[in-house]
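Visitor: Could you walk me through this model, one question at a time?
Guide: Gladly; here it is.

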Amino acid sequence: MTELSRHLSILGLLALLCWGDVLADVVVVVDAKSGVERLSQEEVINIFLGRYRKLPTGITALPIDQPQAGGLRAEFYRKLADKDVSEINAYWARLYFSGKTRPPLQANSASEVLAHVLGNPGGVGYLERSQADARVRIVLSFSP
Amino acid sequence: MATRKFSISPLMHISTQGIVFRSVLITLAAFIVASLGAIGFTAYSTGERANLVIETRLNQLLDTVQSTVKTACFVGDHDLAREVAQGLLSNSEVLQVTIMAGESILADEFRRGASLHAGQASSAALTRKINSPFVTDQIIGEVRLIPNPEVIDHIRQADISLAAKQLTWQLALVSIVIITALILFFVRPISRMSLALHKMDPTAGERLEMPQGHARTEIGLLVSSVNQLADNLVSAIDASREARTVAETASRAKSAFLANMSHEIRTPMNGIVGMANILRRLGVSPEQERCLDTLDTSAQHLLSVINDVLDLSKIEAGKFTLEEIPFSVESLVAHVAAILAEPAKAKGVSLLVELGEVHGNLVGDPTRLQQALLNYVSNAVKFTEAGSVTLRISILEESTESATLRFEVEDSGIGITPEAMARLFCAFEQADNSMTRKYGGTGLGLAITRRLAELMGGDAGAFSTVGVGSTFWFTAKLKKGEALGVEPDASVDVEAELRKCHAGRRILVVDDEPINLEIARMQLADVDLLVDTAENGAKAVALASCNSYAAIFMDMQMPELNGIEATQQIRQLPGYRDTPIIAMTANAFAEDKVQCLAAGMNDFLTKPLYPENLFAVLLRLLNRPGR
């Protein structure tokens, strides 16, 4: 693992040099049994930012965010919509008072995200690629 | 001259007719036209500007709400969209806000109380496409803002009023500049020049001063031209003065010639008339009497010609002065009628007098009035073969001080053609040259009558029908006078009176012409007076100093010592202070008479001497009160 971690740290260093805050390889996942094969970037934007929360199968999508503290959430929105966390927060703040559209659920840990995806029929989440196991299906990944 | 004090401020020269006023008027008119154009253009362009201002403002508003609108459109949030729309409406520039997400209307808010004119609004509407907040190229909706036309109007009006204000100030400034410039460069130098010109005496060599700094301007040119004109004027005046001197010299020569002629003719005339009279007194046969009558008539005619020529030349030279003595119109007319009664009767023409309401005494020159009237009446008698001559006198105007009289002489004579009428009153003209041969006359009578009437403040004229007769008239303005004193009693026999009271008294007659001396001696001896004679003034003075004379007849032009000087010396002799000295001269000009009286003479007789005149004057002077 030390070999890997060393590689990773080099990679991370490279990524840091090349991408700034790119820390990890984020992927969007659903329950492998949900029947959803792929989601486009636009579909993911619609689901996570509250425009259209239906999966291609017709099931209502239930998105969940990674914890605020981790770098993953920022990484995700950066990759998805080229937005800062602050911008995303501001966005939700505008919608907060009208109350019609809610932000995705807020997970307290990465494992809670995984649990939400596996536990709900329309669950959609994002993980670091390494955390995505066989129970989930990667429906969108961001090419470097 | 140009440096004279100007008490009047130059601004006072802005009269309603002045250059400054007119220029300002034209400037104002031009400016008003230009201003109307400018305001019109401003109104047009300011509309564009107002639209631009509104558009910019609306764009700014849209910029501030853009991300919220994006959000609302992205999620299709009606409430949020409405909230944004209402926020936009809180700006007065916005009339209506429509927010669309795709095909669906999220919000459509409209300002309350504003009226929307569809065409106007849609033309100025601002539409902005709304992109997805997350996918840059994706258009997810649009916002449509309709600006408030009231605000646009407000901006336009503000712009127009600003433009108008600017124009007003410009106008005021330009006017002030123009007025100042005009006054400085135009009005002041011109009015100074005009004032200087007013006081300039070009004949004294004065010229206009060149206004400072105007040497090359139009005003300088004007000044030069005026000075040039003054030069020309002065030389013209000099030339005319010279011409006048020449003319005056010529006129004096003419007068002197006339006086000389008059004198030269009167002297021999005195001989003719005097001798005829003496002959008549000596007793003649009837045939000789007729010859003497003819001689008398011829002499009278010759004398009247001389008198006419002399009168006319005096009138034309302006040397004619009228006497102002009280007289009666009745006796004047009666006298004229009496003079012509005989010739009229001889021709079988009746002479009628119509003396209207005219009476009382007037002040004027009866001798000249009589002369004027006689000219008419004698003409009328002359040119009338049968019928009548009517002498008519009427009053045209009357006031307390004066009366204008009209004298009219109507005849039933041959009449005058209109062509001849035109030339009638001109000197040396008769109706026809053949007239002179048939009727005689100098042709000066009518001219003299007209001149006399003019001198008396009136006029003269005539109207006539050929073959029916003519009417000649003249008017004269005469002063009213007090009642006449006792008129000389014509009934007194002067000769008898002289014989009775003064027979044997000694008279001195002074003349260088022996014929004249002889005539005077004979005439005076006829009334039993003793006569001494002297051929010149010096001898007269010598005789007067040895003898005592009751009266002296004195010729004027004599060798050695003339009449004037002799009189002055005789007056110095003891006992001669009041002795009657009577001038006896062929000089018939009024100034001669004045000169004689000034030298101390008592009266003035014109040659040729008629015994009746001579005796009348002598009797009057000898019988003077106080002697």
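Guide: Helices (H or I, at least four residues) and strands (E, at least two) are DSSP runs, numbered from the N terminus. This is a predicted model, in which local features need pLDDT of at least 70 and side-chain atom pairs count only at pLDDT 80 or more, while totals for chains, interfaces and linings use all residues. Residues are numbered from 1 along each chain as its sequence is written, chains are lettered from A and ligands numbered from 1 in the order in which they are written, and side-chain values use heavy atoms, with hydrogens and water left out.

Visitor: Is D555(B) buried or exposed?
Guide: Buried means under 20% relative accessible area, exposed over 50%, and partly exposed in between (1.4 Å probe, protein chains only). D555(B) has a relative accessible area of 2%, so the residue counts as buried.

Visitor: Which residues is D555(B) in contact with, leaving aside its neighbours within four places in sequence?
Guide: Contact means heavy atoms within 4.5 Å. With those neighbours left aside, the partners of D555(B) are V510(B), D511(B), D512(B), G563(B), M584(B), T585(B) and K607(B).

Visitor: How many helices and strands does chain A have?
Guide: From the N terminus on, the order of elements in chain A is α-β-α-β-α-α-β-α-β-β. That gives chain A five helices and five strands.

Visitor: What share of the residues in chain A is buried?
Guide: Chain A has 144 residues. Among its contacts between residues at least 6 apart in sequence, 68% join residues at least 24 apart. The buried share of chain A is 39%.

Visitor: What area do chain A and chain B bury between them?
Guide: The size of an interface is often given as the accessible area lost when the parts come together. Buried area here is the accessible area (1.4 Å probe) that two parts lose on being put together, summed over both. Carbon and sulfur atoms account for 59% of it, and the area that chain A and chain B bury is about 1300 Å².

Visitor: Which three residues supply 45% of the area that chain A buries against chain B?
Guide: The contact takes 15 residues from chain A and 14 residues from chain B. Of the area on the chain A side, 45% is supplied by three residues, more than by any other three: R51(A), Y91(A) and R94(A).

Visitor: Which side chains meet in a salt bridge across the interface of chain A and chain B?
Guide: A salt bridge is a side-chain nitrogen of Lys or Arg within 4 Å of a carboxyl oxygen of Asp or Glu. The rule finds one across this interface. At 3.4 Å, N to O, the partners are K100(A) and D79(B).

Visitor: Which element gives the largest share of the side of chain A that touches chain B?
Guide: Both α2 (41-48) and α4 (85-96) of chain A supply at least two residues of that side. The largest share, four residues, comes from α4(A).

Visitor: Why does the salt bridge of D231(B) and R207(B) tie together parts that are apart in sequence?
Guide: The two side chains meet at 2.5 Å, N to O. D231(B) lies in helix α5 (residues 218-282) of chain B and R207(B) in the loop between α4 (149-199) and α5, so the parts tied together are 24 residues apart in sequence.

Visitor: What separates E248(B) and R244(B) along helix α5 of chain B?
Guide: E248(B) and R244(B) form a salt bridge, with their closest N and O atoms 3.6 Å apart. E248(B) is partly exposed at 36% relative accessibility, whereas R244(B) is exposed at 56%. Because they are four residues apart in the helix, the separation is about one helical turn.

Visitor: Which members of the largest nonpolar core touch the most other members?
Guide: A nonpolar core is a set of buried Ala, Val, Leu, Ile, Met, Phe, Trp, Tyr and Cys residues joined through side-chain atoms within 4.5 Å. Helix α1 (residues 19-75) of chain B gives the largest share of this core, eleven residues. Of its 59 residues, those touching the most other members are L49(A), F76(A), V97(B), I99(B) and L145(B).
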